[in-house]
Amino acid sequence: MASSNNSKIISKASPHTIMKFKLVEEYIKAWAQKLMLNSSCYGLVFIDCMCNSGVYTYNGETVEGTPVRAAKALLDVAHTYPQKQVQIYLNDNSQEKVDELKKHLPVDEGNFKIIVTAKDRDELLETIGPQLYGRQHMHYFLFYDPYDASINWPVLIPFLRNWGEVMINHMVSDTIRAITQVRREATKEKYANTYLTDFEKLIPFGSEKKAYEERVEEIIQVLKGQRRYFVGAFPFYNTQNSQLYSLIHCTSNIEGFKLYKQVAWKTFGGKSSTKDTHGDQLQLTFDFNNDGFFAPATDESCFFVTDIAKYLQKSFVGQSNVPLDSLWRLLDYHPIFPSEGFRKEIRDELKNTYGATFSQIINPTTGKKQTVVSFLKGNMVYE
């Protein structure tokens, strides 16, 4: 059930919500530009099937939400690539919110069109989903942002199995808050449908967020079909440092996966979540699991560049003349760590904390210079 805040025409936004808006906006900008440069992409389709009224308030100021930000960003893209189409589908089940949303959207132009509806989210997706099977040259992006832990997987299947991307807001806080106290059969059914598991089998998960998140990722990997698929999930915390949800990005394109990780870390200010670690990442500890180096402790709910360097050190410990590109390729496929956007910081951390050395050699195969890295075995002690 929607909260009292969400039932208002213009609701209040929290800092983590504004950060979510920013992450989606920044990814849409980067995603659209990358795709429009691809000659096989004839255009973009953006869908937000639970878009609210498009605007919020925060500290007395008006804040634009995802649909308005995405529409403005994609209008710029449409202007840049007038030969390609941009279509936007925006929907909310409240006619009053849709009427408010329309006040804040840009108007249609020749290659730019916005379709706004007030209907059930599943009804919209059931209409659009089948279109994907015959439109390989149109790239779809679906933003699926429910108010609670309610995911209708069947309507997502066409989006998971075709040329496009899906971003799901998994409201894990709803689940852990209510799972052990649920009495209504309708609510039990909601959780069973979200996790595609008998409700009784969910109860042992209790308040273990990781168990629910892993279950959602398992479902995505099953429903996406036979093709290779990449799933990146980043958690959002409130001002009390409680995790509320994860924003899960799904794509069959490694470049989209890499891009999402880079944009998320940039948006969060050089880390993997909105959690406030109170500077703990700066405190050095003796790491028995990392060949005896003094290194910052790892908080698996909020990684920093220091953790990326630690991962690379463990992966290549004691090896000499490792091609620098091998480091970035390893990070390409890491579920959280970005391979682009923080390369200088990663190199500095490897040198300063782990004594790694960088040099150039002539590649015997290509005859060209290449940068290589040599990693120490360990047992370093810093004064």
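**Labels and the numbers behind them**

Student: Why is Asn52 called buried?

Tutor: Buried means under 20% relative accessible area. Asn52 has 1% relative accessibility, so the label is buried. Keep in mind that this is a predicted model.

Student: Where does Asn52 sit, and what about its backbone?

Tutor: Asn52 is in the loop between strand 1 (43–48) and strand 2 (55–58). Its phi is positive, about 60°, although Asn52 is not a glycine.

Student: Asn59 has a positive phi too. Is Asn59 buried or exposed, and how do you know?

Tutor: Exposed takes over 50%. Asn59 has a relative accessible area of 65%, so Asn59 is exposed. Its phi is about 55°, and Asn59 is not a glycine either. You'll find Asn59 in the loop between strand 2 and strand 3 (61–64).

Student: What makes Asp299 partly exposed?

Tutor: That label covers what lies between the two cut-offs, under 20% for buried and over 50% for exposed. Asp299 comes out at 26% relative accessibility, so partly exposed is the label. Asp299 belongs to the loop between strand 11 (293–296) and helix 11.

Student: How do you know which residues Asp299 touches?

Tutor: Contact means heavy atoms within 4.5 Å. Not counting residues up to four places away in sequence, Asp299 touches Lys275 and Thr277.

Student: Why does Leu244 count as buried?

Tutor: The cut-off is under 20%, and Leu244 has 17% relative accessibility, so Leu244 counts as buried. Leu244 is part of strand 9 (residues 243–251). Leaving aside neighbours within four places in sequence, its contacts include His16, His170, Met171, Val172 and Phe236.

Student: Met171 is one of those contacts. What makes Met171 buried?

Tutor: Met171 has 15% relative accessibility, so with the limit at 20% the label is buried. Met171 is in the loop between strand 7 (164–170) and helix 6 (172–178). Beyond residues up to four places away in sequence, Met171 touches Pro146, Tyr147, Asp148, Ala149, Leu244 and Tyr245. For a sense of scale, Met171 and Val373 are 42 Å apart in space, C-alpha to C-alpha.

Student: And Phe342: why is that one called buried?

Tutor: Phe342 has a relative accessible area of 7%, so under the 20% limit Phe342 is buried. Phe342 lies in the loop between helix 12 (324–332) and helix 13 (343–354). Outside four places in sequence, Phe342 is in contact with Gln262, Trp265, Lys266, Gly270 and Val305.

Student: Which residues of helix 12 are buried, and what covers them?

Tutor: The buried ones are Leu324, Ser326, Leu327, Trp328, Leu331 and Asp332. Their cover includes helix 10 (254–267), helix 11 (305–316), strand 12 (322–323), helix 13, strand 13 (357–362) and strand 14 (369–374). As a general point, an α-helix has 3.6 residues a turn, so residues three or four places apart point the same way.

Student: Which residues have the most contacts inside the largest nonpolar core?

Tutor: Leu327 and Leu350 do, in a core of 62 residues. Helix 1 (residues 15–36) gives the most to this core, with eight residues. A second, separate core has 39 residues, Val45, Val182, Leu202 and Ile219 among them.

Student: What does Leu350 touch?

Tutor: Not counting residues up to four places away in sequence, Leu350 touches Ala309, Leu312, Gln313, Leu327, Gly355, Ala356, Phe358 and Phe375.

Student: Last one: how do you know whether the radius of gyration of the chain agrees with a compact globule?

Tutor: For 383 residues, a compact globule would have a radius near 21 Å; the chain has 23 Å, which agrees. The C-alpha trace spans about 65 × 55 × 45 Å along its principal axes. Of the 383 residues, 55% count as buried. Among contacts between residues at least 6 apart in sequence, 70% join residues at least 24 apart.

Conventions
Residues are numbered from 1 along each chain as its sequence is written. This is a predicted model: local features need pLDDT of at least 70, side-chain atom pairs count only at pLDDT 80 or more; totals for chains, interfaces and linings use all residues. Side-chain values use heavy atoms; hydrogens and water are left out. The radius of gyration is taken over C-alpha atoms; the globule rule is 2.2 Å times the number of residues to the power 0.38. Buried means under 20% relative accessible area, exposed over 50%, partly exposed in between (1.4 Å probe, protein chains only). A nonpolar core is a set of buried Ala, Val, Leu, Ile, Met, Phe, Trp, Tyr and Cys residues joined through side-chain atoms within 4.5 Å. Helices (H or I, at least four residues) and strands (E, at least two) are DSSP runs, numbered from the N terminus.
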